[in-house]
Amino acid sequence: MQELNLPPFEYKVTKSSENLLIWDVLRRRNVVLTPEEWVRQHVVHYLINHRGYPKGLLSLERGHRYNQRQKRTDLVALDATGKPLLLVECKAPSVPITAAVALQAATYNQTIGAPLLLLSNGLSHFCWRVNFEARTNERLLEVPMYGEVVNE
């Protein structure tokens, strides 16, 4: 798999009949190793090991409804009460982070209500703080530490 612009982590890859599988620490099972999954696993480990997000408060591919349609988020970090803190949208490294990707994440976040958004293709990362009342977004240089977000 392609080297990403995220800290490396110890991963376990196995081969099934026709697919490579990677061990997912959140789902506690092997999942098909696609380029997007490679990015998602890197982001999960980055949040846990480098930003202090508790593993038990990360939710992968959580379902939600938007305009009567069932959608899935890539990753949501929650606080101890289950309130969303960070919505993450992952793309394969070959998919650029464009305005359309940002709009997709912002649209999902209208129903989720997370104060932080992170978009990543493993090479480029964009994080914003969302103020729903003022209807503004502030670009951040990095993902805030978990302790900073829960104490706001």
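**Secondary structure**

I started with the secondary structure and found three helices and eleven strands in the chain. Helices (H or I, at least four residues) and strands (E, at least two) are DSSP runs here, numbered from the N terminus. I then read along the sequence and noted the pattern β-β-β-α-β-β-β-β-β-α-β-β-β-α.

A note on what I am looking at: this is a predicted model, where local features need pLDDT of at least 70 and side-chain atom pairs count only at pLDDT 80 or more, while totals for chains, interfaces and linings use all residues. Residues are numbered from 1 along each chain as its sequence is written, and side-chain values use heavy atoms, with hydrogens and water left out.

**The whole chain**

I looked up the overall size next. The C-alpha trace spans about 50 × 30 × 25 Å along its principal axes. For 152 residues, a compact globule would have a radius of gyration near 15 Å, and the chain agrees, with 15 Å. That radius is taken over C-alpha atoms, and the globule rule is 2.2 Å times the number of residues to the power 0.38.

How much of the chain is buried? I found that 43% of the 152 residues count as buried. Buried means under 20% relative accessible area, exposed means over 50%, and partly exposed is in between (1.4 Å probe, protein chains only). The accessible surface of the chain is about 8,600 Å², and 50% of this surface belongs to carbon and sulfur atoms. Those areas come from the Shrake-Rupley method with a 1.4 Å probe; for residues, only the protein chains shown count as cover.

I also checked contacts, meaning heavy atoms within 4.5 Å. Among contacts between residues at least 6 apart in sequence, 46% join residues at least 24 apart.

**Helix H1**

I moved on to H1, which has 17 residues and reaches 23 Å from its first C-alpha to its last, close to the 24 Å expected at 1.5 Å a residue. The expected span is 1.5 Å times one less than the number of residues. H1 is mostly covered, with twelve of its 17 residues buried. Among them are Trp38, Val39, Val43, Val44, Tyr46 and Leu47.

I picked out Gln41 in H1 (residues 35–51). Is Gln41 buried or exposed? Gln41 counts as buried because its relative accessible area is 0%. Leaving out residues up to four places away in sequence, Gln41 touches Phe9, Ile22, Trp23, Asp24, Val25 and Arg27.

After H1 comes Gly52, with a positive phi near 80 degrees. Gly56 is exposed, since its relative accessible area is 74%. Gly56 and Ser120 lie 64 residues apart in sequence and 22 Å apart in space, C-alpha to C-alpha.

**Helix H2**

I ran the length check on H2 (residues 99–112) as well: its 14 residues should span 20 Å at 1.5 Å a residue, and its end C-alpha atoms are 20 Å apart, so the two agree. Which residues of H2 are buried? I listed Val101, Ala105, Thr107, Tyr108, Asn109 and Ile112. Gly113 follows H2, and its phi is positive, near 80 degrees.

Leu118 sits in strand E9 (residues 116–120). Leu118 counts as buried because its relative accessibility is 4%. Beyond its neighbours within four places in sequence, Leu118 is in contact with Val43, Leu86, Leu87, Val88, Glu89, His125, Phe126, Cys127 and Val143. I noted 8.4 Å between the C-alpha atoms of Leu118 and Cys90, which are 28 residues apart along the chain.

Arg139 is in strand E11 (residues 136–140). Arg139 is partly exposed, because its relative accessible area is 46%. Not counting residues up to four places away, Arg139 touches His125, Phe126, Cys127 and Trp128. Arg139 and Phe126 are 13 residues apart in sequence and 7.5 Å apart, C-alpha to C-alpha.

**Two arginines with positive phi**

I finished with the loops. Arg28, in the loop between strand E2 (20–24) and strand E3 (29–32), has a positive phi near 55 degrees. Arg28 counts as exposed, since its relative accessibility is 64%. Arg135 lies in the loop between strand E10 (125–131) and E11, and its phi is positive at about 60 degrees although Arg135 is not a glycine. Arg135 counts as exposed because its relative accessibility is 76%.
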